[in-house]
Amino acid sequence: MPLEYFDQVWHNGKFIPWSEATVHVAAHVVNYGSGFFEGIRCYETPQGPAIFRLAEHTDRLFNSCKIYRMPLDYTRQQIEQAMVELVRVNNISSCYLRPVAFRGYFELGVSPLRNPVEIYLMAWKWGKYLGHEALAEGVDVCVSSWRRMAPDTMPAMAKATANYMNSQLIKMEAITNGYVEGIGLDAAGHVAEGSGENVFLVREGKLFTPPLAAAGLSGITRASVIVLAEEMGIPVTEQDIPREMLYIADEVFFTGTAAEITPIRSVDRIAIGEGRPGPITLRLQERFLSVVQGRAEDKYGWLTVCNQPVAAAR
């Protein structure tokens with residue numbers, strides 16, 4: 001299915017047509033993977049288009065760049081305001097936003113330090129990432145033979161484009177073997193995350209999720225689910241999770257910007273619970289969607305409504 005994109009793209013401080021948003025083949029990012037990005041949903045709400053946790057996503061982008069010694073010429077506030085303006089300029093009601101910062105074209109060589117930094121902000125329409133019925137019916141996944149990065153190889157807390165070569169291997173293996181998604185283990189063999197999602201388990205009424213030290217991304221939807229679960233009286237524990245705990249869990253689900261809260265109905269063809277979305281997963285899913293879609297009070301300040309003054313962004 002072709003990408004349903006919005007025509008105006010923000011590039012280094014100005015708007016350009018999508019067709020002009022190009023990168024030179026000799027750019028450092030093309031040859032060495034020196035790029036960092038975010039995925040952010042903008043939801044259609046009764047108050048107007050609203051970007052979910054804009055400040056936290058922007059912070060993570062800047063933190064990713066900082067880890068790799070890549071300074072940005074814009075402040076967090078300028079990037080946030082540019083994303084709000086991107087929604088306005090394109091007259092968007094809902095979309096998926098993709099800020100990407102990378103080392104551009106100057107010289108070739110492993111060191112990126114002399115290459116210029118470029119930033120693009122773009123938007124497109126993106127439905128249910130893991131399938132149209134995924135949120136209601138759940139998905140079938142496998143444990144991948146590919147491990148996540150060891151902590152002394154590549155920093156998993158940086159949302160780097162290069163990290164997603166590992167994600168591609170996990171995803172392709174899963175699809176080739178008839179699954180929707182794969183779960184990667186960390187270097188010690190514990191559950192880490194999906195190719196592009198964090199993982200939660202429910203067992204005896206308690207919620208479990210791997211710690212960030214298990215090579216998982218510091219997920220913003222993950223953090224939101226922890227807040228919601230604690231408010232709903234569901235205990236949450238971050239701990240190392242052995243692979244077999246997936247099989248005997250009462251419920252398992254993914255979280256992520258694209259995946260939102262997607263139930264997992266089987267792992268390695270072993271049914272989870274009764275083989276359908278469980279009650280705690282569905283309660284969390286409904287609570288999450290009610291907030292981000294503007295059907296419930298946003299008492300957390302998670303939404304930046306784009307038809308309000310730009311100063312409303314941080």
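Let's start with one residue. Cys 42 is found in strand S4, which covers residues 40-45. Strands here are DSSP runs of E, at least two residues long, and helices are DSSP runs of H or I, at least four residues long, both numbered from the N terminus.

Two notes on the ground rules. This is a predicted model, where local features need pLDDT of at least 70, side-chain atom pairs count only at pLDDT 80 or more, and totals for chains, interfaces and linings use all residues. Residues are numbered from 1 along each chain as its sequence is written, and side-chain values use heavy atoms, with hydrogens and water left out.

Back to Cys 42. Is Cys 42 buried or exposed? Cys 42 is buried, at a relative accessible area of 2%. The cut-offs: buried is under 20% relative accessible area, exposed is over 50%, and partly exposed is in between, with a 1.4 Å probe and protein chains only. Which residues does Cys 42 touch, leaving aside its neighbours within four places in sequence? The contacts are Pro 49, Ala 50, Ile 51, Val 87, Ser 94, Cys 95 and Leu 97. Contact means heavy atoms within 4.5 Å. Now a distance. Tyr 105 is 63 residues from Cys 42 in sequence, and their C-alpha atoms are 31 Å apart in space.

Now the strand pairings. Two strands pair if DSSP finds at least two bridges between them. Leu 97, one of the contacts of Cys 42, stands opposite Ala 123 in S7. Strand S6, residues 95-103, runs antiparallel to S7, with eight bridges joining them. S7 itself spans residues 117-124 and is mostly covered, with six of its eight residues buried. S7 has another partner. Strand S1, residues 8-11, pairs with S7 in the antiparallel sense over two bridges. There, His 11 stands opposite Tyr 120 in S7.

Next, S8. Strand S8 covers residues 139-147, and three bridges join it to strand S15, residues 260-267, in parallel. Asp 140 has Ser 266 as its bridge partner in S15. S8 also runs parallel to strand S9, residues 181-185, with four bridges between them. Arg 147 stands opposite Leu 185 in S9.

Follow S9 onward. S9 pairs with strand S10, residues 191-194, in the antiparallel sense over three bridges. Ile 183 has Gly 194 as its bridge partner in S10. S9 and S10 form a hairpin with five residues between them. In that turn, Gly 189 has a positive phi of about 90°.

Glu 260 is not a glycine, yet its phi is positive, at about 55°. Glu 260 lies in strand S15. Glu 260 is buried, with a relative accessible area of 1%. Then Arg 269. Arg 269 is not a glycine, and its phi is positive at about 65°. Where does Arg 269 sit? Arg 269 is in the loop between S15 and strand S16, residues 270-271. Arg 269 is exposed, with a relative accessible area of 58%.

Val 291 has its place in helix H8, residues 279-292. Val 291 is buried, at a relative accessible area of 0%. Beyond its neighbours within four places in sequence, Val 291 is in contact with Ala 296, Glu 297, Asp 298, Tyr 300, Trp 302 and Leu 303. Arg 222 is 69 residues from Val 291 along the chain, and their C-alpha atoms are separated by 15 Å.

Finally, the whole protein. How many helices and strands does the protein have? There are eight helices and 17 strands. The radius of gyration is 19 Å, close to the 20 Å that the globule rule gives for 314 residues, so the protein is as compact as a globular protein of that length. That radius is taken over C-alpha atoms, and the rule is 2.2 Å times the number of residues to the power 0.38. Along the principal axes, the C-alpha atoms fill a box of roughly 55 × 45 × 35 Å. Buried residues make up 52% of the 314. Among contacts between residues at least 6 apart in sequence, 71% join residues at least 24 apart.
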